[in-house]
Amino acid sequence: MPAELITAVALYGTKTGELGGLLETVQALLGESLHDRFRPYTLDQIHSTVIRLDGVADAQAGVIVNRRYLEVTGIPRAMDHARALKILAAHLTPPLSIRIGGYAPDAAAAFSSRGQHPYERTFSVQGDAFVLVGWPVSTVTDGIPPGPLDDLRREMNDANIVHWYHRSSTDIDNDFHLVVGHHNGASQHETNQAVCAVRTYLAEHPVQVEVGVDQVAIIAADSPTLAPARFIGRLPIDSADIVNLYR
């Protein structure tokens, strides 16, 4: 059977250097606050979704249609995986510099994310997930709207793929999300304290990571945690190999 989820992600696999150290520290802070109520991802498992490639078979048209594209447009157009791979390569060559952390709560910011100051958005609890967010350096320093990650995701429309968080033509998602783990039954007070501790640390310990084609993989899995992955295809990859994942 086809996998439940097919997606293009960045940084899936081994983490080293400053990024690996940052992730370990963030998880340690959450563990200190929440103890056994924190369920961390493995470092290898932590990833940032660039664009979801979920597809459904349209029996009448005989094609694989991007689920989000079909929901938004109602039109069963075939996903153009070859075009999608070219878009990824074009936007990530040279690599995109992503900054995580370094936002003081009382400092002016060149940009906002979903109407919030980057200090608040850089780390939060969403449902039961703890989410770390970074942004392209050009956005951080210049506040250039909408931003290179959003531009990449928007251009995916040319491949008949709609980004999950583009519900309308005016929606913007320039965020680089990394889920570091989940909590199991922690109270809101406990999670608020844990989030505050991590934000305080991140404000003083920024990290910059380069995300290029070499850091991107096509993953097929039966869970958004991507554990375990049923398929891992590092770029560059033949588009036919992606099409076979839907069969």
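Two strands pair if DSSP finds at least two bridges between them. Strands are DSSP runs of E with at least two residues, helices are runs of H or I with at least four, and both are numbered from the N terminus. This is a predicted model: local features need pLDDT of at least 70, side-chain atom pairs count only at pLDDT 80 or more, and totals for chains, interfaces and linings use all residues. Residues are numbered from 1 along each chain as its sequence is written, and side-chain values use heavy atoms, without hydrogens and water.

**The sheet**

In β11, Ala221 is the bridge partner of Leu5. That bridge belongs to an antiparallel pairing of β1 with β11 over six bridges. The open sheet has four strands, ordered β3-β1-β11-β12, with antiparallel pairing. At the edges, β3 and β12 each pair on one side only. On average, neighbouring strands are turned by 30 degrees against each other, direction ignored.

| Strand | Residues |
|---|---|
| β1 | 5-10 |
| β11 | 216-221 |
| β3 | 48-52 |
| β12 | 229-234 |

**The helix pair**

Helix α3 (residues 81-91) packs against helix α6 (residues 148-155) at about 165 degrees, with axes 10 Å apart. Axes are lines fitted to C-alpha atoms, for helices over the stretch in contact, and angles run from 0 to 180 degrees between N-to-C directions. The two helices are therefore roughly antiparallel (angles over 145 degrees). Arg83, Ile87, Leu88 and His91 of α3 meet Pro148, Asp151, Leu152 and Glu155 of α6 (contact means heavy atoms within 4.5 Å). These contact residues divide into four nonpolar, one polar and three charged. Asp, Glu, Lys and Arg count as charged; Ala, Val, Leu, Ile, Met, Phe, Trp, Tyr, Cys and Pro as nonpolar; the others, Gly among them, as polar.

Conventions
Angles under 35 degrees count as roughly parallel, over 145 as roughly antiparallel, 65 to 115 as roughly perpendicular and the rest as oblique.
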